[in-house]
Amino acid sequence: MKKEKFSVVGMTCSSCSAAVERAVGHMDGVSSVNVNLLSNNMTVEYDDSLVEPSAIMSTVNDAGYSASLAGSDAPAKTNEVSQVEDEINEMKHRAIVSMVFMVLLMYVAMGHMVGLPVPSFLLGVENAAAMALVQFLLTLPVIYVNRRYYQTGFKTLWRRSPNMDSLIAVGSGAAIVYGVFAMFRIGWGLGHGDLDLVMRYSHDLYFESAAMILALITLGKFLEARSKGRTSDAIAKLIGLAPKVATVIRNDMEVEVAVADLVEGDIIVIKPGQSIPVDGVIVDGSSAVDESALTGESIPVAKRVGDKVISATINKSGAFRFKATRIGDDTTLAQIIRLVEEASSSKAPIAKLADKISGIFVPVVISIAITAFVVWLLLGYPFEFALTIGIAVLVISCPCALGLATPVAIMVSTGQGALHGILIKSAESLETAHSVDTVVLDKTGTITEGKPQVTDVITGSTLSEAELLTIAASLEKSSEHPLAEAIVTKGMEEEVHFKQVTDFLAAPGKGVQGKIGEKDYLAGNLSFMHDNKIDLGQLESQADDLAEQGKTPMYFANTTEVLGIIAVADVIKPSSKPAIQRLKNLGVDVVMLTGDNKRTAEAIRRELGIERVIAEVLPEDKEREIRTLQEQGKTVAMVGDGVNDAPALARADVGIAIGAGTDVAIESADIVLMKDDLNDVPTTIKLSKATLRNIKQNLFWAFFYNALGIPLAAGLLYPFYGWRLNPMYAAAAMSLSSIFVVSNALRLRRFNPER
């Protein structure tokens, strides 16, 4: 079996991706096919002895779209980003052209109705032909730049798999065809002096309706394309995390080489502040390494000979050498990149209600229009009468309201979300959020502040808190350890008087010592105190209590006795507890995932009332846990802020990034909380529920108007009451349904998360 990746052009909705999957999946030799609507990619696993890539591309082309082979290496990924940018630029061009000509057309067609100055050669019955021709010419550029709707829409309709493009093509096409027909009737009327006919058909020009449908939908597609482009940005930023060059030992000399040229077994030199290029094991030296990019743990980890180091982590202090053990595609960073890609491509697109309705509605409407046309001809009525009936059916069935039902509600909701600091990047994520029943929370930077802070200062019997903090801050000022940084920061906040420290020495992984005045002082962990034979007395049990609370206790002593303990921890955000309670009130299960140790995680679980916590997990474990929940039938939202959360964010049904998090986490997520407040998670779910309710109302009314108008347009009441629906009134009814849908969607502006 061979697995190949293809780029697919022309997909605009979930039914498009479903049609492509269905067409390729039915091919002999194809075992699996997965289409990613967001990145416009398709991954196919097939037997290369039975099917060729060219045959797969041909099948996609026959389905109404176009496909080409896509590479899988880094340069190819860069090209994918470029392709997405090209698509965004194209949609922007189409939107600008459409909106400009639509505004001009609306001015010409309706300006005189509201008292705006319109050229005199376009006014009056005698100038009806000129007015019709100008409107037609202004419509042509809008039709031309949006011709893909017709190419795809009619092709998919012909192949009996209509999508949103089919709705757009049929609706706008019906208005254009009738407008052209009306132009000919106006010309005939002027030529034969039938001014009543001219007057009647001069009101039957629906070019502005066609242009408005195309322009508004294209504007929405542009905004959607811009959001979709961020998926490729996430991959590009992940690739950019690792350094491009490394310093290695070659022939007993330090030389710089490209990371791509590294081989297993190379000895690599790392200096303070440098990023680690590949995975390996330290062979000389020691340091503290910031692994927050991959583990989410805010406190750098002490490293010494024999310890493993991971690609894309940052050396904070000290210098060391390590032996490369995993390079290229085997590094931890490369695996994370692969996980993000796989999780993104496996995320099934949501089938829009409008697409489901259109699959039945559009063919039925066309059948009714044709049937009505034929029946009235067979009954002996004039061709013009029968054609008017057929066109009226199509015009009143114009899916403008049906097409607007979802995007207008989505547009209002995303704007309302922005007012509450919630950036919603796709309609799919907003729609999915309403069904979320499990929220998975990262700990560091999401539930907690993400940086160590002093939480407790406990003194022995000889010093006050201020005196202990003065000694501790003075001693730790010479240390580069992050815990020391938290104590120094606390000292500055308390405005202590820093004292000069001499004979400073650091014991890696244990603590520091130095002399203040004539006295020697020690600062460090329990092991460091025991090495120096310091009797801790009752403070040791107090330190154990602090550790059970998820805090890191640091002892301070002189050469004869312990002076006190200062505890440092990554403190919980004030918003975390009420946010978790709000989620519970919504009936949502809350799970905490963290790379932190079990004792710290358990302490936070107890404090916040979280029912389930999974600790000491690596990035791939987070992604796997999300997948496990999904396999249990859960709809999962993942909330995180670090690169380590990116695979899980991509895998989740809805990925939610904290706004203060890393760029990669933000780009990988579907929704970004700009205020860095967990309370916005339940707000997002509430907004989604309100939006889905609104969309269903819109779809019902859009369909209801059409369902009422179609029998009247088809002339069913004409034999009994002489009633038939003029296309002008059909268009008015169509417009009324659109106005109703838009007005209903605007009610979402009153959304209040507290209600």
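User: OK, so two strands count as paired if DSSP finds at least two bridges between them. With that in hand, which residue in E13 is the bridge partner of Ile268?

Analyst: That would be Phe322. Keep in mind that this is a predicted model.

User: Thanks! How many bridges join E7 to E13?

Analyst: Four bridges link strand E7, residues 267-270, with strand E13, residues 320-326. The two strands run antiparallel.

User: What sheet do they belong to, and in what order do its strands come?

Analyst: They sit in an open sheet of six strands, ordered E6-E5-E7-E13-E8-E11, with antiparallel pairing. At the edges you'll find E6 (253-258) and E11 (308-309), each of which pairs on one side only.

User: And what do strands of a sheet pair through?

Analyst: Strands in a sheet pair through backbone hydrogen bonds, and they can be parallel or antiparallel.

User: Switching topic: which residues make the nonpolar surface patch?

Analyst: Tyr107, Met110, Met113, Val114 and Leu116 make that patch, and it covers about 480 Å².

User: Where is Tyr107, and why is it called partly exposed?

Analyst: Tyr107 belongs to helix H3, which spans residues 74-110. Tyr107 counts as partly exposed because its relative accessible area is 33%, and that label covers values between 20% and 50%.

User: What about Met106? What does it touch?

Analyst: Met106 is in helix H3 too. Leaving aside residues up to four places away in sequence, Met106 touches Gly111, Glu208 and Met212.

User: How far apart are the C-alpha atoms of Met106 and Ala211?

Analyst: Their C-alpha atoms are separated by 9.1 Å, while along the chain Met106 and Ala211 are 105 residues apart.

Note on methods. Residues are numbered from 1 along each chain as its sequence is written. This is a predicted model: local features need pLDDT of at least 70, side-chain atom pairs count only at pLDDT 80 or more; totals for chains, interfaces and linings use all residues. Side-chain values use heavy atoms; hydrogens and water are left out. Patches are made of residues with over 30% relative accessible area and no salt bridge: like charges are joined within 9 Å, nonpolar side chains (Val, Leu, Ile, Met, Phe, Trp, Tyr) within 5 Å. Accessible areas come from the Shrake-Rupley method with a 1.4 Å probe; for residues, only the protein chains shown count as cover. A salt bridge is a side-chain nitrogen of Lys or Arg within 4 Å of a carboxyl oxygen of Asp or Glu. Buried means under 20% relative accessible area, exposed over 50%, partly exposed in between (1.4 Å probe, protein chains only). Contact means heavy atoms within 4.5 Å.
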